[in-house]
Amino acid sequence: MSRVPMDGQKNCRRCGRQLHVTMFRVFRSYGAADREYRRSWCVECEREYGRNWRRRNPGYHAEWSRRYRSLVP
Ligand SMILES: [Zn+2]
C-alpha cells in the first residue's frame with residue numbers, strides 16, 4: 001500500500017497493467033481522515049475477483065447443503 005497520489009499512473013498488482021489512479025479504489029484508515037490509500041488492485045480486478053468469489057461460493061454452499069441434506073433423513 002502507498003499513500004494516495006492525486007494523479008498519475010499506478011501498476012495493478014494483479015493484472016500488471018499501468019492504469020490511471022482513478023482506476024483504483026480509495027479506502028480510509030479508521031480514525032485517520034488524512035490517511036487514504038489506493039487499493040493495489042484495479043477496479044476491474046476487484047470486480048472480477050468479487051464475481052468469481054460469488055460464483056464459487058453459492059455453488060459451494062449448495063453442494064454442502066445438498067450433502068448435508070442427504071445425510072439427514
Ligand atoms: Zn488489474
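**Note on the predicted model**

1. L19 is found in strand β2. Strands here are DSSP runs (E, at least two residues), and helices are DSSP runs too (H or I, at least four residues); both are numbered from the N terminus. Residues are numbered from 1 along each chain as its sequence is written. This is a predicted model, in which local features need pLDDT of at least 70, side-chain atom pairs count only at pLDDT 80 or more, and totals for chains, interfaces and linings use all residues.

2. The protein has 1 helix and 4 strands. From the N terminus on, the order is β-β-β-β-α.

3. Next, confidence. pLDDT is the predictor's confidence in each residue, from 0 to 100. Its mean over the protein is 80, and 78% of the residues reach 70 or more. Strand β2 (residues 18-20) has the highest confidence, at 95. The lowest is in β4, at a mean of 72. Where pLDDT is low, the predicted coordinates should not be read in detail.

4. Burial comes next. A residue is buried if 20 or more other C-beta atoms lie within 10 Å of its own, exposed if 12 or fewer, and partly exposed in between; the C-beta atoms are placed from the backbone. Of the 73 residues of the protein, 5% count as buried.

5. Is K10 buried or exposed? K10 counts as buried because it has 20 C-beta neighbours inside 10 Å. K10 sits in strand β1 (residues 9-11). Two residues are in contact if their C-beta atoms, placed from the backbone, lie within 7 Å. Beyond its neighbours within four places in sequence, K10 is in contact with L19, V21, F24 and R38. K10 and T22 are 12 residues apart along the chain, and their C-alpha atoms are separated by 9.4 Å.

6. Back to L19. L19 has 16 C-beta neighbours inside 10 Å, so it counts as partly exposed. Leaving aside neighbours within four places in sequence, its contacts are Q9, K10, C12 and C42. L19 and C42 are 23 residues apart along the chain, with 7.8 Å between their C-alpha atoms.

7. R39 lies in the loop between β4 (32-38) and α1 (43-71). R39 is partly exposed because 18 other C-beta atoms lie within 10 Å. Not counting residues up to four places away in sequence, R39 touches F24, R25, F27 and E46. The C-alpha atoms of R39 and R25 are separated by 5.5 Å, with the two residues 14 apart along the chain.

8. Last, the contacts of the whole protein. Among those with a separation of 6 or more, 33% come from residues 24 or more positions apart.
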